[in-house]
Amino acid sequence: MPEDQAPHAAHERADAAPTAGNPGTSTGPSAATTSPGRRRARRRRDRRGRGLRGPLLPAALPASRTRSERFDDLVLDAVEDVEQVLDAPLQEIEFAVEDVPPAPTGADDDAVPLGRFSAADRGRPARVVVYRRPVETRASEAGDLEDLVHHVVVEQIAHALGTEPERLDPHYRDD
């Protein structure tokens, strides 16, 4: 073997032109270059193949929960409070949280609703919806948010059961 030949002739230089005899190579310009001698840089988030970074906080810590998850917890806590007063679970009512209410249909609708009750209809259970963004906007502090969510849930459950809110929460008017 001559000394000027490399022991591994199968390895070609990266800047050498591909040949027609090598399988898996193309005879056209490389996809990674835009002009001769100039390569196009690829941008990737996962630069070294290790995957995305992990969460900043462990899931067990309260700060790792989103605002909407904490709001959902406030609604569930308010429903549990009402169930304790009634000594019965509210299984016939479905509870939901939506970000914003639907657009008003009439020209006289200036007030933004904080919640809504829909009666049972054609096999669908009765439903209480609490609108997260309007409630958060009205509450100035975290304690106010908890009280306002409780207030809205009590009003909507009272409407669903056809009773007065004071029956479900003795301190309803004090809020």
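## Around Leu86

Which residues does Leu86 touch, not counting residues up to four places away in sequence? The answer is Leu161, Arg167 and Leu168. Keep in mind while you look around that this is a predicted model.

Leu86 is found in helix 1. With a relative accessible area of 22%, Leu86 is partly exposed, because buried would mean under 20%.

## A patch of negative charge

Now turn to the surface. Asp77, Glu80, Asp81, Glu141, Asp144, Glu146 and Asp147 gather there in a patch of negative charge. Helix 1 (67–86) and helix 3 (142–161) are the elements that give two or more residues to this negative patch.

Glu80, one of the patch residues, is found in helix 1. Its relative accessible area is 44%, so Glu80 counts as partly exposed.

## His150 in helix 3

Helix 3 also holds His150. Is His150 buried or exposed? It's buried, with a relative accessible area of 17%. Leaving aside residues up to four places away in sequence, His150 touches Ala78, Asp81 and Asp169.

## Salt bridges

How many salt bridges does the count come to? It comes to five. One of them joins Asp73 to Arg65, with the closest N and O atoms 2.7 Å apart. Both ends are partly exposed: Asp73 has 32% relative accessibility, and Arg65 has 31%.

Another salt bridge brings together the side chains of Asp99 and Arg132, at 3.1 Å from N to O. This pair links distant parts of the chain, 33 residues apart: Asp99 sits in the loop between strand 3 (93–98) and strand 4 (115–118), while Arg132 is in helix 2 (residues 132–138). Asp99 is partly exposed at 42% relative accessibility, whereas Arg132 is buried at 8%.

## A linked network

What are Arg67, Asp99, Arg132 and Glu136 linked in? These four residues are linked in a network of salt bridges.

Notes: Residues numbered from 1 in each chain as written. Predicted model: local features only at pLDDT ≥ 70, side-chain atom pairs only at ≥ 80, totals over all residues. Heavy atoms only, no water. Patch = residues over 30% accessible without salt bridge, like charges linked within 9 Å, V, L, I, M, F, W, Y side chains within 5 Å. Areas by Shrake-Rupley, 256 points an atom, 1.4 Å probe, with all protein chains shown as cover. Lys, Arg positive; Asp, Glu negative; His and termini not counted. Charge placed at Lys NZ, Arg CZ, Asp CG, Glu CD. Helix = DSSP H or I, 4+ residues; strand = E, 2+ residues; numbered from the N terminus. Buried < 20%, exposed > 50% of the residue type's maximum accessible area, 1.4 Å probe, protein only. Contact = heavy atoms within 4.5 Å.
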